Amino acid sequence: MIIKQLLVFAAAVMLASLVVSVNGSNFAFYKLSLTWPNSVCKMTTCKTPIPTYFTIHGLWPTFGNDIPVPPYNPTSNKCNPNPTSPDDIVGELAPIKGELDKKWPNLWVRKTNVDFWKIQWQHHGMCSDYPHDPLDYFKDTLNLAQSKRFDPFKALGVQPSDQTPHLLHTLLENAYKNFGAYPQITCSMPKKGILLLKEIRFCLKRTKKTPPSVVQNCPTNVGDRCTNPLTDYVWLRATPTIFGPHNVTSDLLAST
């Protein structure tokens, strides 16, 4: 009887281990996260020239409850069998390196673009539907970000301005009208009472086909320093913002 109980217990432990190991593969949707550089850069912490267009932060597998899939780990989160390692993606990305350097740059002076791509692959790509194909993962993300469909200015219905902030609720409603679904908008706060639109994240359903193309409402419409769409006014600055000794690098890296 005791042996039988031990065998049942061992089987339960093994099953639990298997559930954990495939946990990362059961995500529901992707987030295409695009960054407005002027909202996260100081001249002393970001590379120059600062891009005057939205840059790519990443394409992130996300669970239905809006929790990001944790990074690949061979012990605790073996979401895909033997995905390409971060160190092996550099050569595979050579055909699109020029496009990546322009559209998917690392803004922080202390890290190279390649460093940024490796982090994004380790944190998100290895547990995506592209575990053995980093070239297609990055290429498809580039194509999504560069398509008119995912143009943040078109979706938000505004252009950069140093004169007028925007009610967050208005931006979200504009996006729903122009894009067809509610995105997620995140903010930085370089100075108390000043909210800058840091990122817009478009949510796309996970389907059997890649690249993802079916848009959906993001479960959470605001993030980081943005909290209340009905009262928060946010800036989409046309020029880099310097408000004093605030380290925006921590804001930029907080959601990698």
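Predicted model: local features only at pLDDT ≥ 70, side-chain atom pairs only at ≥ 80, totals over all residues.
Numbering starts from 1 along each chain as its sequence is written, and side-chain values use heavy atoms, with hydrogens and water left out.

K118 makes a salt bridge with D87, with 3.4 Å between the closest N and O atoms (the cut-off is a Lys or Arg side-chain nitrogen within 4 Å of an Asp or Glu carboxyl oxygen). That pair ties together distant parts of the chain: K118 sits in helix α4 (residues 113-123), and D87, 31 residues away, is in the loop between β2 and α2. Helices (H or I, at least four residues) and strands (E, at least two) are DSSP runs, numbered from the N terminus. D87 is exposed, at 57%.

The structure has six salt bridges. One of them joins K198 to D224, at 2.7 Å between the closest N and O atoms. Here strand β5 supplies K198 and strand β7 supplies D224, 26 residues apart. K198 is buried at 2%, while D224 is partly exposed at 40%.

D101 also forms a salt bridge, with K97, at 2.8 Å. Both lie in helix α3, four residues apart, or about one turn.

## Strand β1

All seven of the seven residues in β1 (residues 29-35) are buried, so the strand is largely enclosed by the rest of the structure. β1 pairs antiparallel with β2 over seven bridges (pairing takes at least two DSSP bridges). Seven bridges also join β1 to β5, again antiparallel, with L34 partnering I200 in β5.

Methods: Buried < 20%, exposed > 50% of the residue type's maximum accessible area, 1.4 Å probe, protein only.
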